[in-house]
Amino acid sequence: MSMNFVDQLYAVFEVHGERNAFCIEGIFYTYKELLAKTKSIAASLNEKAPGERKIGILATNCLETYAGLLACLMTGRTYIPIHPNHPPERTRQIVEQSQLQTILCNKYDRQNAVVRLIVTENLDGSKIELSNSKYNSAADAYILFTSGSTGIPKGVPITYGNLDSFITAFGKLGYQVTCEDRFLQMFDLTFDLSVMSYLVPLCIGACVYTLPDEGMKFTNVYNILEEYNVTFALMVPSILASLKQYFHEIDLPALRYSLFCGEALYTETTIGWMKCAPNAIVENVYGPTEATIFCMTYPVTRDGLIEDYNGIISIGKSMAGMESQIADSDGHLLEGEVKGELCLAGDQLTMGYLNSDRNKTAFFEHNGTRYYRTGDIAFRTSNGNFMYAGRVDHQVKIQGYRIELSEIEFHLRQITNDSNLVALAIPNHAGQLEIQAVFEGQYIDVSGTLSELETKIPSYMMPTQVHFVKTFPLNTNGKTDRNELTKILNSTK
Ligand code: AMP
């Protein structure tokens, strides 16, 4: 019988104690040190939060945070990452929805002291021996919260079984990775690409290089790739958009695997990047949080034969244990090269959102198989690769972050008591999307509104520009015509 991923973690700690597990802010920590911290956090959880399954983790960039995740995963608990810089009101909603009673944090954090805090820095020496006797594939391993169109973040629970299926399917992708590899971890722990970035290396005894909190993300990414000769990097494509102007100076011969996920990957930029990473296998991987990290992959070849659509690289085929289909709006599966909604089924699929009406519409059954509607428009080519072709709704990705424009609109409406407004995502001169708020009517001072909005949503969701348009253009259904409005804004630039 093959080992589950938690068994693999236990085995790595046995064998690789002296190897480095993490490099955080330039400091290396061995597996032995990581295990010692993990055991003392587990002891503290047993003592202070006995019987509690779900544990919040204030996700700062330090060893204690990762030891906290492991203390949960290695004892069958569920971890819920809390972003240290998100507004307290959002954290409170997450705490309430998931009925959290305890949050692990590195240092005492007054802002997040809405429930019991366990401070993990300098925990006393008490430790417990850990054993994987309670592994339960149906239990939740983590719950992540994504932008919800109704103004309340949607909780996505991912089970140990889902995560184990991902690790198994990842293992079948044919990547030749060992404990000698060096992995980049560039993601907030509230974003599930972080889970691949720390868990895959920890399951094989390799070292994880995290990003410093301070500074520009893309320069930090580049510095770590270069300084530490990183060999495996999963990144969001927007990093490439920022690095593009330096491509002629970049040379990363040590990089063996360069994966991109989270948003559309453009052919032209990727070809430029492949010259910067001459020895890397480059792959475009795809998947929503609801299907555990990623579940489709497309190897980008260097022979000039890249399959793309509108300049966007194919998202390829399903990983082992997963199935991808195209469906129409009634949930009928479509054959041939027709466009429709990309729907996913298989072992990595969440059982459904935490307390959400969206479960009724986001999932459907067909011939006994449960599918998730991704909201992505796609089609299948004759050789079975899928092409990404946009969204059916108003969800956008900025720097890889998933944003429902209607969530921004919801809060703006609540604050202003005005319903004549929209949030749009419009490309700037560098081709990167920016959130813009548009109000119908004459100019008014909205600085107070924006300050209040900041207390409701994370900073990456904040509008960077505000416009006033006398009357909104309407489409034939009498709704605000967003495309036309975007054109009007572009023409006034
Ligand atoms: P998240 O749940 O934050 O991982 O976001 C999932 C969404 O990101 C998908 O439904 C897509 O809209 C988008 N996405 C993820 N990977 C890709 C990709 N490789 N190409 C295009 N869009 C992607």
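What follows is a short exchange on these two topics.

Modeller: This is a predicted model, in which local features need pLDDT of at least 70, side-chain atom pairs count only at pLDDT 80 or more, and totals for chains, interfaces and linings use all residues. Residues are numbered from 1 along each chain as its sequence is written, and side-chain values use heavy atoms, with hydrogens and water left out.

Colleague: Which helix gives the most to the lining of the second largest pocket?

Modeller: A pocket here is an open set of points on a 1 Å grid over the protein atoms alone, where a 1.4 Å probe fits, with protein on both sides within 12 Å along at least five of seven lines, and lining residues have an atom within 4 Å of a point. Among the 32 lining residues, His 83, Asp 188, Asp 213, Lys 217 and Tyr 401 are the closest to the centre. Helices are DSSP runs (H or I, at least four residues) numbered from the N terminus, and α7 (217-227) and α8 (237-243) each supply at least two residues of the lining. With three residues, the one that gives the most is α7.

Colleague: How many disulfides does the structure hold?

Modeller: A disulfide would need a pair of cysteine sulfur atoms within 2.5 Å. The sulfur of Cys 72 has its closest cysteine sulfur in Cys 105, 13 Å away and therefore too far for a bond. For Cys 105 the closest cysteine sulfur is in Cys 62, at 9.6 Å, which is also too far for a bond. The number of disulfides is zero.
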